[in-house]
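Let's take a walk through a protein together, one region at a time. Have the sequence and the 3D view ready, and follow along as we go.

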Amino acid sequence: MIKHKKLQKWIKDMVRLCQPNCVIWIDGSQKQKKQLEKEACSTGEIIRLSHKKLPGCFYHRTAINDVARTENLTFICTKNKSEAGPTNNWMPPKQAYNKARGIFKGSMKSRKMYVIPFSMGPAGSPFSKIGVELTDSIYVVLNMLIMTHVSKQVLDVLGEDGEFTKCLHGKAELDIKKRLILHFPQDNTIWSVGSGYGGNVLLGKKCLSLRIASYLAKKEGWLAEHMLIMGIEDANGHIQYISGAFPSACGKTNLAMLVPPKSYKKKTYRVWTVGDDIAWMRIDSDGSLWAINPEVGFFGVAPGTNSGSNPNAVETIKKNTIFTNVLLKHDKTVWWEGADGPVPKKGTDWMGRPWKPGMLDDYGKIIKGAHSNSRFTAPLSQCPSVSFRLEQHHGVPISAILFGGRRAHLAPLVYESFNWQHGVYIGATMASERTSAQFGKLGEVRFDPMAMLPFNGYNTADYFRHWLQMGKRMKKQPRIFYVNWFRVDENGKFLWPGFGENLRVLEWILKRCNNEVGAIKTAIGYIPKIEDINTQGLNLPKGNLKKLFTIDKHEWKEELERQRSFLAIFGDSLPEEILEEHRDLEKRLG
Ligand code: OXD
Ligand code: MN
């Protein structure tokens, strides 16, 4: 019997709306999980994979039109439009509730409603937030069991009147015309209907831990960010932590699980993975910034994941993993473009059709076996580099914050901001080439401030102001850097090898944090002296480093113009400090 009156009443109201044939409470037990797996297998919602080769693993396909987050159908529903700001889709709460109510109404007839009480962050920690997700999808339940803390303890922590985010999800007809992802920050409520894609339906993730949490963070004086968190242990056993914001599918998971190059391993360097997608950061009593990862799982992009690009991910997903929209092989294992091993001779593609390599569509384009945004959901605890500080509720102290994106040109491999305010400006004017995690034209450059463009639960101009404020409140601010692993030469070839070799750049960053190395002052920030980037054993073509650090004033002036147009959308609400930094950069560029 639950003691929480408000929770009880809310569930009763939602049951009346959706009309499920029964309500099942999820308790996080293995026994219940097994029952649900069995049931979902019997209906075809999931497929059990080879017990021998992939123990505890399952396969799932989403609807063909439901393979990525639908930003155009995602809304921030605040009383006033200005509270959502110019970068969010906005709907008045009353209209949003009414519209969605029409879709939810009776949508769970002949279905079960599952109630998932979950905690983002360790249950009971003062830094955690509790949510309760109601859903008619076992796939969602099984993913939430991997991604969040689900246990009886969550209800105990909630007690009789604890705060929680009300999360309602229903598949309804999985009709794109009846799909809505609605956030009501002022009601601490999320309604998601008509989708079965992770980013839209695992409501603890983007919806709660970023959109709702960013709103709460502003109110409560902390930061909820789209960031990885990693620790780097040096040869002396000293561990320093970095957080990093990169737009979706720019390699956050790979960076968070980085395996040091041989020469670094020899020196006993090691990386500790705290999180690959979300960081909640607070100023602790020592006046510096500490971060926790509120999640306990990875919802990673499968294509391109192999023992070269991310050996730790390959290890992590060998068991207890849910694979979504990848290629299903006849031996009940899985494959994706860029996976290890030979390309399978045949299989069933992510749409459920027979597949062979080299098949062409009506336009003569290669048909891929796996969708480019196909995913794995796997427990963080299975990652060989998982941090031993995961359950520590204060998290880890952050020495450096990285911003980055995919830029074929313009941005150097790494540069450091002059100070916090300049760093906030660098984050605010971040831009990246679009990837397949978002709908839209691939390759197009879009501004994505702090990689939070699709995830801010309130006005992004106020969010910049909050960042500036946070800097003022800190006694010891992390240093802010920009990194770009994706710069190419005149022939379109990557200038930097990336992956594990990125540790060489992180080493320079940490040396800067420890005041162990100088730098060159340029118009855009501090860049390394070329000899300070360790290239031993790298075989980097001669001249690449010089190209990686070339600052083309003409290109930067063009970028300034693009930034001007982007920043203009915020009108008068943009903090003056951001404009000041823009003007100063213009002056420095001459
Ligand atoms: C993700 C995303 O899935 O950013 O992490 O889209
Ligand atoms: Mn993400």
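How many of the 11 residues of helix α14 (residues 503-513) are buried? Keep in mind while you look that this is a predicted model. The count is 10 of the 11 residues, so helix α14 is largely enclosed by the rest of the structure. You can check this by clicking along the helix: among the buried residues are Leu 503, Val 505, Trp 508, Ile 509 and Leu 510. Charged side chains are on the list too, as Arg 504, Glu 507 and Arg 512 in α14 are buried. Just after α14 comes Asn 515, which takes a positive phi of about 55°.

Now turn to a sheet. Here 8 strands form an open sheet with mixed pairing, and their order is β1-β6-β7-β8-β10-β9-β4-β5. At the edges stand β1 (22-25) and β5 (89-90), each with a single partner strand, so one side of each is left without a neighbour in the sheet. Further inside the order, look at strand β7 (residues 129-135) and strand β8 (residues 165-170): these two run parallel and are joined by 4 bridges. To see one residue pair in this region, find Val 132, whose bridge partner in β8 is Lys 166. Helix α1 (residues 5-18) lies across β1, β6 (112-120), β7, β8 and β10 (189-193), and runs at about 20° to β8.

Next, let's zoom in on a single residue. Thr 273 sits in strand β14 (residues 270-275). Is Thr 273 buried or exposed? Thr 273 is buried, with a relative accessible area of 0%. Its surroundings are worth a look: leaving aside residues up to four places away in sequence, Thr 273 touches Ile 229, Ala 256, Met 257, Phe 298, Leu 380, Cys 383, Ser 385, Val 386, Ser 387 and Leu 390. Take Val 386 from that list. Thr 273 and Val 386 are 113 residues apart in sequence, yet their C-alpha atoms are 4.7 Å apart in space.

Rolling a probe the size of a water molecule over the atoms shows where empty space is left. The largest pocket has a volume of about 960 Å³. It is lined by 44 residues, and the closest to its centre are Ala 249, Cys 250, Gly 251, Asn 254 and Arg 406. Elements that give two or more residues to this lining are α8 (204-220), α9 (252-256), β17 (297-301) and β23 (375-379). Of these, α9 makes the largest contribution, with 4 residues. By class, the lining of the largest pocket has 16 nonpolar, 18 polar and 10 charged residues.

The structure also holds 4 cavities of 30 Å³ or more. The largest cavity has a volume of about 140 Å³. Nearest its centre, among 16 lining residues, lie Tyr 415, Thr 429, Tyr 482, Trp 556 and Gln 563. Helices α12 (420-428) and α16 (553-568) each supply at least two residues of this lining, which has 11 nonpolar, 3 polar and 2 charged residues. The second largest cavity has a volume of about 60 Å³. Its lining has 13 residues, with Val 274, Ile 292, Asn 293, Arg 389 and Leu 390 nearest the centre.

How values were computed:
Residues numbered from 1 in each chain as written. Chains lettered and ligands numbered in written order. Predicted model: local features only at pLDDT ≥ 70, side-chain atom pairs only at ≥ 80, totals over all residues. Heavy atoms only, no water. 1 Å grid on protein atoms, 1.4 Å probe; cavity = no way out; pocket = protein on both sides within 12 Å on 5 of 7 lines; lining within 4 Å. Points joined across faces, edges and corners; volume = space filled by probe spheres on them. Pairing = 2+ DSSP bridges. Contact = heavy atoms within 4.5 Å. Axes fitted to C-alpha atoms, helices over the stretch in contact; angles between N-to-C directions. Buried < 20%, exposed > 50% of the residue type's maximum accessible area, 1.4 Å probe, protein only.
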